[in-house]
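The following note sets out points for a colleague to consider alongside the model. Please read each one with the structure in view.

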Amino acid sequence: MIRTNCFFCKKEFEVGASDPQYKKLRANPKASYVCKHCNDSMQKDAQQTTGLNPDMIDSHTKYL
Ligand SMILES: [Zn+2]
């Protein structure tokens with residue numbers, strides 16, 4: 001478990017090994033973490049502005 005703060009909402013989260021961002025944080029504890037909530041709202045924004053299907057966006061990593 002890694003404790004880190006979301007880059008956007010600044011809330012603290014515990015990131016487990018099942019999280020796609022876990023390995024990145026493990027390798028670089030200063031890497032930015034984006035929580036699921038913020039990631040989802042970013043994908044919605046991206047969909048509205050680009051018309052892209054969020055499934056086409058590489059989850060979690062696209063915006064970092
Ligand atoms: Zn967040």
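1. A residue is termed buried if 20 or more other C-beta atoms lie within 10 Å of its own, exposed if 12 or fewer do, and partly exposed in between, with C-beta atoms placed from the backbone. By this criterion, buried residues account for 8% of the 64 residues in the protein chain.

2. This is a predicted model, in which local features need pLDDT of at least 70, side-chain atom pairs count only at pLDDT 80 or more, and totals for chains, interfaces and linings use all residues. Residues are numbered from 1 along each chain as its sequence is written.

3. The protein chain has two helices and two strands, in the order β-β-α-α from the N terminus. Helices (H or I, at least four residues) and strands (E, at least two) are DSSP runs, numbered from the N terminus.

4. Strand E1 (residues 2–5) and E2 run antiparallel and are joined by four bridges; strands pair if DSSP finds at least two bridges between them. Arg3 has Glu14 in E2 as its bridge partner. Six residues separate the two strands of this hairpin, and Lys10 in the turn has a positive phi of about 65°.

5. Asp19 lies in the loop between strand E2 (12–15) and helix H1 (22–27). Asp19 counts as partly exposed because it has 18 C-beta neighbours inside 10 Å. Its C-alpha is 9.9 Å from that of Met1, 18 residues away in sequence.

6. Helix H2 (residues 36–50) has 15 residues and should span 21 Å at 1.5 Å a residue; its end C-alpha atoms are 20 Å apart, which agrees. The expected span is 1.5 Å times one less than the number of residues. Gly51, which follows H2, has a positive phi, near 75°.
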